[in-house]
Every structure is written in structure tokens, then in C-alpha cells.
Amino acid sequence: TAFIDSNDHIWMSRCFGEFGCTRYIFDAKANKILDEITELNHIQSFTEDTSGNVYVTSGLQHMMNFGSIYKVTPDLKAIKLYDSYDSDFDFEGKKLEFRNGLFIGPGAWNIAEKKLYFSSSDGFYKAAISTDNKLTDIEKLFSPVLTAKRENLAIGMQMPVKQLAFSHDNRLLFLTAANGIGIYDGKELIMLE
């Protein structure tokens, strides 16, 4: 996974399922590697809002589902918005126990709505980010049946959704590992195989 933010920082990650993840942030202007943000692991995607905050989605399936969403401020401070492992975080107004966590997949920032869209083991969601750094106005959008592949040399499955993005006319586009491309216009989901 790679992403270039508005400050010319190149965010890079390579994950190995249950065996962990490498991650680096490279400052292209200063030509140097920045300090790693050690909280981030099992990274699925990077996306940026209009204020320069980078949202990092991460997830893993290993015996059970794990997932988290971080907001990284322009000064590289990581703020945890959601963690399926930590019972202090709620989702849809209820506490989630460890066993019921979500495997969080790729996400994308919707500029028009100012909301974070993300995939999960339970379907696709969108949520606003409150001023006190909580997921709010969480809405489940749809839950397609997608083919998952086993993680190489590991226990668990890979996230079937590989990438999310928005088109210029504000349609959600997502790429899957085995089911083609999905297009969601806010009302209808179309799959192109």
C-alpha cells in the first residue's frame, strides 16, 4: 500500500498477515524517512481529508477479527478512532466485545460529505469524525458477498476488498481480489466482473 499526501509525504506499508507489517513515511521535500508511527500495524489503506489529516485503516483476521482506524494529524500524531480489540471503543452506539470485532479493510475520504468510508468483514460503512475524534453518524451502506482468499502461509483470510476511491461524480469505487470492481452511487451497487 502506498499513498502520497498533500505535504509530499509518501506513506508505504507492506503487510504479511499475522506476521506483521512494515511501514514508513518518507518526506519527499526533505528527502528523508520520518519517524515511524509505531501504533500502526496491519495497514489496509491511507486516505486524506481536506485538512491534511491522514486516515489509516488496518485489519487482520487471525483466529478472530481485528480492526482499527487511526487519524494521523499533519504533525504525525496518531489518534485512535476505533479499535475492535479495545472494549472502550463503541460502534453504532454499542460496545463491541473482543470476539465480535470487525476486520477493517480499505477506506476512502469523501470530500463532498466530509465522511470516511471503509470496508469491513460486515460490509461497507461511512462515518463522520467528531471534534473529539470519535466515529459518529455511522451508517452501514451495503454488504455484498465477496470471495475471500486465504492469507499466504498464515491462519486467516485476506480482506477481499483491495482499494476504495471516489469518482469525480462522487460514486464509491472499490476493487476486489476476486469479484471485479464495485460501483456504488449512494443508492445502487453495481458489480463489474
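This is a predicted model: local features need pLDDT of at least 70, side-chain atom pairs count only at pLDDT 80 or more; totals for chains, interfaces and linings use all residues.
Colleague: Thanks! How many helices and strands are there in the protein chain?

Modeller: Both are DSSP runs numbered from the N terminus, helices being H or I with at least four residues and strands E with at least two. On that basis the protein chain has zero helices and 18 strands.

Colleague: What share of the residues counts as buried?

Modeller: Buried means under 20% relative accessible area, exposed over 50%, and partly exposed in between, using a 1.4 Å probe and protein chains only. Of the 193 residues in the protein chain, the buried share is 48%.

Colleague: Which residues touch the most other members of the largest nonpolar core?

Modeller: A nonpolar core is a set of buried Ala, Val, Leu, Ile, Met, Phe, Trp, Tyr and Cys residues joined through side-chain atoms within 4.5 Å. The largest one has 14 residues. Strand 3 (21-27), strand 5 (43-48), strand 6 (54-62) and strand 7 (64-72) each supply at least two of its residues. Those touching the most other members are Trp 11, Ile 37, Leu 40, Phe 46, Val 56 and Val 72.

Colleague: Which residue in strand 6 stands opposite Phe 46?

Modeller: Strands pair if DSSP finds at least two bridges between them. Strand 5 and strand 6 run antiparallel and are joined by five bridges. Within strand 6, the residue opposite Phe 46 is Val 56.

Colleague: And what does Val 56 contact beyond its neighbours within four places in sequence?

Modeller: Contact here means heavy atoms within 4.5 Å. With those neighbours set aside, the contacts of Val 56 are Leu 40, Ile 43, Ser 45, Phe 46, Ser 68, Ile 69, Tyr 70 and Val 72.

Colleague: Is Ile 43 buried or exposed?

Modeller: Ile 43 has its place in strand 5. Six of the six residues of strand 5 are buried, so this strand is largely enclosed by the rest of the structure. With a relative accessible area of 4%, Ile 43 is buried.

Colleague: Which residue takes a positive phi in the hairpin of strand 6 and strand 7?

Modeller: Strand 6 and strand 7 pair in the antiparallel sense over nine bridges, and Ser 58 has Ser 68 as its bridge partner in strand 7. The hairpin has one residue between the strands, and the residue with a positive phi near 75° is Met 63.

Colleague: Moving along, what is the bridge partner of Ile 69 in strand 8?

Modeller: Seven of the nine residues of strand 7 are buried, so strand 7 is largely enclosed by the rest of the structure. Strand 7 pairs with strand 8 (residues 78-83) in the antiparallel sense over five bridges. Their hairpin has five residues between the strands, with a positive phi of about 65° at Leu 76 in the turn. In strand 8, the partner of Ile 69 is Tyr 82.

Colleague: Finally, what relative accessible area does Leu 192 have?

Modeller: Leu 192 lies in strand 18 (residues 189-192). Leu 192 is partly exposed, with a relative accessible area of 43%.

How values were computed: Residues are numbered from 1 along each chain as its sequence is written. Side-chain values use heavy atoms; hydrogens and water are left out.
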